[in-house]
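Subject: Structure for your review

Dear colleague,

Please find below the structure that I am handing over to you. A summary of the findings follows it.

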Amino acid sequence: MVSTPVPEMPKAYDPEPVEGRWYAVWEEGGYFRPEINDGGDPFCIVIPPPNVTGQLHMGHAFEHSLIDATIRRKRMQGYAALWLPGTDHAGIATQNVVERELAKEGLDRHEIGRDAFVERVWKWKAEQGDRITQQMRKMGSSCDWSRERFTMDEGCSRAVRVVFVRLYEEGLIYRANRIINWCPRCHTALSDIEVEHEDVDGELVHIRYPFADGDGSITVATTRAETMLGDTGVAVHPDDERYAGAIGRTLILPLVGREIPVVADTAVDPEFGTGAVKVTPAHDPNDFDIAARTNLPAVDIFTESAVVNENGGRFAGLARYAARDAVKEALRLEGLLEGVEQHRHAVGHCYRCHTVVEPRLSLQWFVKSRPLAEPAAAAVADDRTQFVPENWEKLYFDWLENLRDWCVSRQIWWGHRIPAWYCRDCGRIIVSVDDPTSCSGCMSADLTQDEDVLDTWFSSALWPFTTLGWPEHTADLERFYPNAMLHTGFDIIYFWVARMMQMGLHFQGDVPFREVAIHGLVRDAEGRKMSKSYGNVVDPLDLAGRYGADALRFALTRAASPGHDVPLAEEWVEGARNFVNKLWNSARFVAMNLDGRPLAELEAAGAPPAGERSLPERWILSRLAQVTAAVDEGFERYEFAQGVQKLQAFFWDEFCDWYLELAKLPLAEGGASRERAQRVLATVQGAILRLLHPVVPFVTEELWDRLGGEGRLIGARWPAHDAAAVDEAADSAMAAVIEIVSAIRRFRSEHKVAPSKKIAALIVAAGGEQESALADLGPQISALAGLDRFELVPGREPQPKEQRLVAAGATIVIPLEGVVDIGAALADIDRQIDKHAAELAKVEEKLANEAFVSKAPDHVVDGMRARQAAAREAVATLRAQRDQLLA
């Protein structure tokens with residue numbers, strides 16, 4: 001192999017120029033495309049599409065770090081790995097953004113008209129819509145941007161129409177007057193899962209409804225007194241004996257004067273309140289169902305802004321909460337208000353603007369959920385799709401089992417306009433993929449398209465196959481559907497995952513993905529959700545700018561475990577930056593000791609044969625094999641924390657702290673020893689860079705390049721688990737060496753022995769194998785422990801002025817003469833004993849106080865007992881040290 005000498009590396013790592021340079025190299029070089037491994041098995045992940053209005057927040061940074069780590073590893077394993085990117089048109093959110101822009105110009109959308117408004121949104125998207133994808137690039141997301149999609153691009157838009165038409169033709173989409181969730185601010189319908197329920201302090205208003213014949217009355221209770229204006233009946237349970245004679249009689253609706261009947265329905269709970277409920281079919285889903293069974297009419301009393309309309313009589317023109325107060329006052333004046341009591345209950349809010357939603361009878365489009373939900377539930381039940389962790393399947397099943405038909409029409413302008421046209425001449429509805437020119441019934445050309453657009457989640461539900469070219473039979477669709485897996489948060493299992501399952505099975509005949517790995521939320525260090533109200537929102541781009549994208553990715557990934565939230569504090573990102581710097585410094589040491597030889601050359605030569613390896617070399621290669629297996633296991637199970645933490649510990653605590661120090665002697669010896677050490681260094685360093693690349697791609701690619709690795713690291717092969725390298729004897733022997741050296745280092749620290757001061761150590765080994773290992777590594781042990789005399793002895797009786805330590809079963813004897821100022825050491829130990837004894841006395845006095853123990857909170861008492869135990873242990877340890885010094 002002809003090699004080019006490796007130039008000297010800078011002393012410090014600066015991430016800013018490195019990150020931008022390498023991302024451009026990867027993207028321009030086509031490394032993100034699955035074609036770089038064209039013969040490999042397909043592995044596809046579609047991005048949970050961020051809103052085109054959005055900018056990268058910490059949730060994105062976390063989720064994208066996990067997806068990118070997964071896809072980069074699969075790419076290195078030889079898979080045709082595709083991370084398919086794209087953005088969501090985000091109907092309500094995007095319309096709100098552009099409406100605010102118009103408001104700055106003194107305009108609103110109604111003034112400029114629908115066509116001009118939609119054109120304005122497309123213009124905004126062209127100017128601002130790539131902000132989040134550029135931010136993703138800064139974080140290192142290795143998406144195949146040549147395949148980027150948008151939920152309203154030409155292909156996705158046609159796919160949406162095809163799906164709508166097919167579902168309509170199959171009887172799975174219909175138009176009907178039903179109770180829906182209405183947002184009075186956004187002026188649109190919402191699906192059930194777009195409503196966020198919160199417990200609020202409200203009231204229960206008791207109202208007396210007199211019988212029309214003047215003989216008695218019935219009292220009902222409601223949390224929304226204003227809706228009584230739309231009552232068309234009062235319902236009781238048919239078996240409730242209290243109302244046996246009331247069923248069929250007529251009541252007078254207070255304040256309105258309308259006669260309404262008393263009806264019987266088994267949905268009424270006779271144990272709740274008076275056992276009688278007001279029926280408001282136009283403003284309550286349960287009342288709508290009762291009305292359908294008992295033939296009660298519906299009276300809509302609200303405008304789209306939740307203002308009382310003409311059906312509210314004298315209350316017309318009042319906003320709903322003003323009407324509520326006015327109705328209660330009018331009832332009081334008429335003597336029909338029996339009481340108002342405080343009542344805490346759940347109230348639905350719009351997920352976008354947080355306005356309280358209003359149940360409202362409305363003509364909307366619906367998807368029949370049951371025929372789609374049953375196959376989706378079965379697919380998870382029989383493990384065609386698996387949730388990780390499995391416990392999230394219960395949530396998925398519960399939602400599917402209790403699913404109501406999905407309201408998919410939205411009363412906004414930005415989105416997929418419903419492909420339905422109405423003939424003004426004959427009233428026929430034409431549902432078509434292509435815009436019709438005439439009525440299919442009477443041939444009239446007088447057609448008008450439905451004004452509504454589809455729920456944003458309708459197009460998102462098709463994402464795993466429409467992004468691959470469906471409804472066309474494309475090569476990508478053939479190769480990459482079903483997707484391999486999905487990384488997503490638990491909060492959109494309802495919104496997105498379940499709907500993708502339903503649509504994928506219905507239109508492709510197979511699940512959209514084989515696995516769904518559920519991650520938690522990023523929280524602050526105290527475990528609180530990040531929110532503006534707490535003042536704890538952290539900008540990932542700010543952190544990445546100050547510490548490097550790799551540092552942020554590392555901090556997030558090393559804490560990621562399926563289904564669990566991830567705490568994050570800035571100091572942890574700073575600690576991750578220190579890890580990146582350590583990686584740089586260790587690689588610089590390796591480079592300085594490879595004599596300018598490229599990593600590729602030494603990796604090609606491979607580690608020396610097993611029989612030629614020294615004990616430290618056997619050990620570090622054994623540990624590398626074991627940590628490679630642990631990283632593989634962690635990644636396969638999406639237990640990133642497990643794999644990354646073990647890899648970090650191996651790199652820092654074993655490779656850097658021990659092996660690099662142990663390698664200095666054979667490197668200094670030259671000849672065959674130096675060649676052997678270089679090959680082991682290259683093998684381990686190369687594997688570390690490969691294993692870390694999915695998590696910290698920028699610095700590892702930079703180091704790979706500077707060390708002279710073959711090609712680009714992004715396209716290098718993932719390390720294979722070398723089971724033959726696992727060497728339990730070497731692991732055991734080196735564990736003993738490390739424990740013994742650590743014990744001597746602790747002695748030096750405890751007795752304040754200067755680093756420059758050399759000491760002696762006589763060691764009685766625990767057995768023959770340990771003695772042999774210690775003998776072989778005598779010079780390294782002396783260097784690591786600061787010894788000028790290292791001696792293995794068969795046994796030794798205790799002598800005055802010696803300290804005896806026990807580590808790994810061995811006895812370590814350290815002569816104290818000339819090493820420790822025994823008088824000063826005794827004085828220092830006595831001072832410490834007095835300090836801890838005083839603390840112990842204070843704590844024990846407190847614990848002897850029965851009043852304190854019985855009244856203080858458990859955690860306070862437990863803390864006091866922990867302090868007692870710590871003080872006792874400190875005193876005992878210090879007295880033992882004193883006794884040794886006096887022996």
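This is a predicted model: local features need pLDDT of at least 70, side-chain atom pairs count only at pLDDT 80 or more; totals for chains, interfaces and linings use all residues.

**Salt bridges**

In total, the structure holds 63 salt bridges. Side chains of opposite charge can pair when their charged atoms come close. Three of these pairs are described here in turn.

The side chains of Asp476 and Arg147 form a salt bridge, with 2.7 Å between the closest N and O atoms. This pair links distant parts of the chain, 329 residues apart: Asp476 belongs to helix H14 (residues 475-480), whereas Arg147 sits in the loop between helix H6 (131-138) and strand S4 (149-150). Arg147 has a relative accessible area of 12%, and because buried means under 20%, Arg147 counts as buried.

A salt bridge is also formed by Arg224 and Glu358, whose closest N and O atoms are 2.5 Å apart. Arg224 is located in the loop between strand S8 (217-222) and strand S9 (233-236), and Glu358 in strand S14 (residues 358-367), so the pair ties together parts that are 134 residues apart in sequence. Both Arg224 and Glu358 are buried.

Asp455 and Arg410 likewise meet through their side chains in a salt bridge, at 3.1 Å from N to O. Here too, distant parts of the chain are linked: Asp455 lies in the loop between strand S21 (453-454) and helix H12 (456-460), and Arg410 in strand S17 (residues 409-410), 45 residues apart. Asp455 is buried, at 2% relative accessibility, and Arg410 is buried at 2% relative accessibility.

Salt bridges that share partners also build one network, which joins Arg33, Glu35, Asp144, Arg147 and Asp476.

**An open sheet**

Three strands make up an open sheet with parallel pairing, in the order S15-S23-S22. Strand S15 (386-388) and strand S22 (483-489) are at the edges with a single partner strand each, so one side of each is left without a neighbour in the sheet. On average, neighbouring strands of this sheet are turned by 20° against each other, with direction ignored.

Which strand is joined to S15 by three bridges? The partner is strand S23 (residues 513-519), and the two run parallel. Within S23, Ala517 is the bridge partner of Val388.

Yours sincerely

Definitions and conventions
Residues are numbered from 1 along each chain as its sequence is written. Side-chain values use heavy atoms; hydrogens and water are left out. A salt bridge is a side-chain nitrogen of Lys or Arg within 4 Å of a carboxyl oxygen of Asp or Glu. Helices (H or I, at least four residues) and strands (E, at least two) are DSSP runs, numbered from the N terminus. Buried means under 20% relative accessible area, exposed over 50%, partly exposed in between (1.4 Å probe, protein chains only). Two strands pair if DSSP finds at least two bridges between them. Axes are lines fitted to C-alpha atoms, for helices over the stretch in contact, and angles run from 0 to 180 degrees between N-to-C directions.
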